[in-house]
Amino acid sequence: MNSFKVGLIGLGNVGSRVWHNLLTHKELLTKKSGKTIEIKKIAVRSPQKALKVGVPQERLTTDWREIVNDPGLDAVVELIGGIDVPYEIITQALQKGKDVVTANKALLAFHGHEIASLASKHKRRILFEASVAGGIPLLQAIQDGLVANRFLMISGIVNGTCNYILTEMTNGRMSYADALKKAKEMGYAEADEKLDVSGEDSAHKAAILCALSYRFWPKVGEIYTEGIESVDPFDIQYAGELGYVFKLLAIIKKHQCSKEVEIRVHPTLLKKDHILSSVSGSFNAVIIKGDIVGDQLFYGRGAGGDPTASAVLSDLVELARYPYVECAPRLFFADTESEYKVMPISEIVSRYYLRLNVVDKPGVLASIAEILGKKNIGISSVVQPEVSSFAQGVPLVIMVHDAKEKFFQEACLEISRLPFLKCEPIVYRVEDFHVQGE
């Protein structure tokens, strides 16, 4: 039986599980791919750590160039993270005639178009199932299983760290700091959590989903991104009393009557009975709305050594099973200029949760309603939660109907200037996943 020879760069949490699972599932993977997949060389920073997980000394190197330049290898797996060095690794591997597998969402978000073009030029493939939603076969579904559909919306929870923190803040009534500390203790958050909690990680994944769905790479800077660092437990409580939960969502929507696509990441209020509201802990879940198939839900572990290794091994099996000459290049590799562009956040339409801390006196609500009314923004409900302390004023929670973002923000700016406000307005978007034009 033919052998499919692989070079692995990086033997961290994911790389070590790729090595382990390839050995323990060798017979199964051989049957499914028709070839024996072998990791012939591994590039690592510390050979001693690699020896401890059972990698033979003769397969180790500390120089990734030995792998990229080895003419006997069919594919390179890049699992070191970061952008600059992985970019060099992947582009050189493609130029040397090797297929590539990566889990590097940041690299793809910033350089996906040029890497895809390079792969197409050299008649090579780059597969990256592990870059979004870990072990969930989401990207394969978009590219293959749902290929007959126009995508109206792709939205969901794509960062397990943030979902775990918000779950603990909701169910355990924890502060953000305490929930983050617990996430780190459980191994769900990195020592430097910024990439996750700032929403950047989710934005990188949203860029990849956009590229696969609409054949254009948005600039990362064009993706509206908010994190969860400032989510207040009081708002989680008040939203809960109104029947909502907080989730950090990546939202991608195509507008029926234009060539603009919404791409945004931010904390979002969802109705408690929505299926994504029940996704707790470190799990991921994504809803895809196709014009033929309707709504499809993808759910599972979005991170961790084994789930991510599962996706990497799936990509290796595909490469081993189908040589490039036997399959048409994916639509992902299209070099044509896309007809789509990113919709500015100011132009989106959403419902909103608005919390104002005000002086408790007559006429307050009337003044606020007047400002919203001038912007043609309707109020759907008003709640004044009971509080024990009035130091920061009395909380007034207002839910508003659909409004264009720029008009709502203009109204909030005007409201913030009212003399009876004790602090800046607190705003969150409310999502019902309605696609405009339906």
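Which residues does V14 touch, not counting residues up to four places away in sequence? They are L79, G305, T308 and A309. Touching, or contact, means heavy atoms within 4.5 Å.

## About the model

This is a predicted model, in which local features need pLDDT of at least 70 and side-chain atom pairs count only at pLDDT 80 or more, while totals for chains, interfaces and linings use all residues. Residues are numbered from 1 along each chain as its sequence is written, and side-chain values use heavy atoms, with hydrogens and water left out.

## The annotated binding site

An unreviewed UniProt entry carries the annotation "binding site" for I9, G10, L11, G12, N13, V14, G15 and S16. Such annotations may be inferred rather than shown by experiment; their positions follow the numbering used here, and feature names are shortened.

V14 lies in helix α1. G10 sits in the loop between β1 (3-9) and α1 (13-24). Helices (H or I, at least four residues) and strands (E, at least two) are DSSP runs, numbered from the N terminus. G10 counts as buried because its relative accessibility is 8%. V14 is buried too, at a relative accessible area of 19%. Buried means under 20% relative accessible area, exposed means over 50%, and partly exposed lies in between (1.4 Å probe, protein chains only). Beyond its neighbours within four places in sequence, G10 is in contact with G15, A43, L79 and I80.

## Three domains

The chain divides into domain 1 (3-134 + 307-333), domain 2 (139-301) and domain 3 (345-430). These bounds come from an automatic or database domain assignment.

## Where domain 2 meets domain 3

The centres of domain 2 and domain 3, taken over C-alpha atoms, are 25 Å apart. Their contact takes 17 residues from domain 2 and 15 residues from domain 3. About 1,500 Å² is buried between the two, and carbon and sulfur atoms give 63% of that area. Buried area is the accessible area (1.4 Å probe) that two parts lose on being put together, summed over both. In domain 2, Y238, L242 and L269 lose the most area to domain 3. Together they make up 36% of what that side buries.

A salt bridge is a side-chain nitrogen of Lys or Arg within 4 Å of a carboxyl oxygen of Asp or Glu. D232 forms a salt bridge with R355, with the closest N and O atoms 3.8 Å apart. On the side of domain 2 that touches domain 3, α12 (233-241), β9 (244-254) and β10 (260-271) each supply at least two residues. The largest share, 6 residues, comes from β10.

## Two buried polar residues

N159 is in the loop between β7 (151-157) and α8 (160-171). N159 is buried, with a relative accessible area of 3%. A polar atom of its side chain lies 2.9 Å from the backbone nitrogen of C162. Leaving aside neighbours within four places in sequence, N159 is in contact with D196, D201, S202, K205 and N284.

S416 is in helix α15 (residues 405-416). S416 is buried, at 18% relative accessible area. The side chain of S416 reaches the backbone oxygen of L413 at 2.5 Å.

Key. A polar contact is a pair of N or O atoms within 3.5 Å; within protein, one must be able to donate a hydrogen and the other to accept it, and residues adjacent in sequence count only if both atoms are side-chain atoms.
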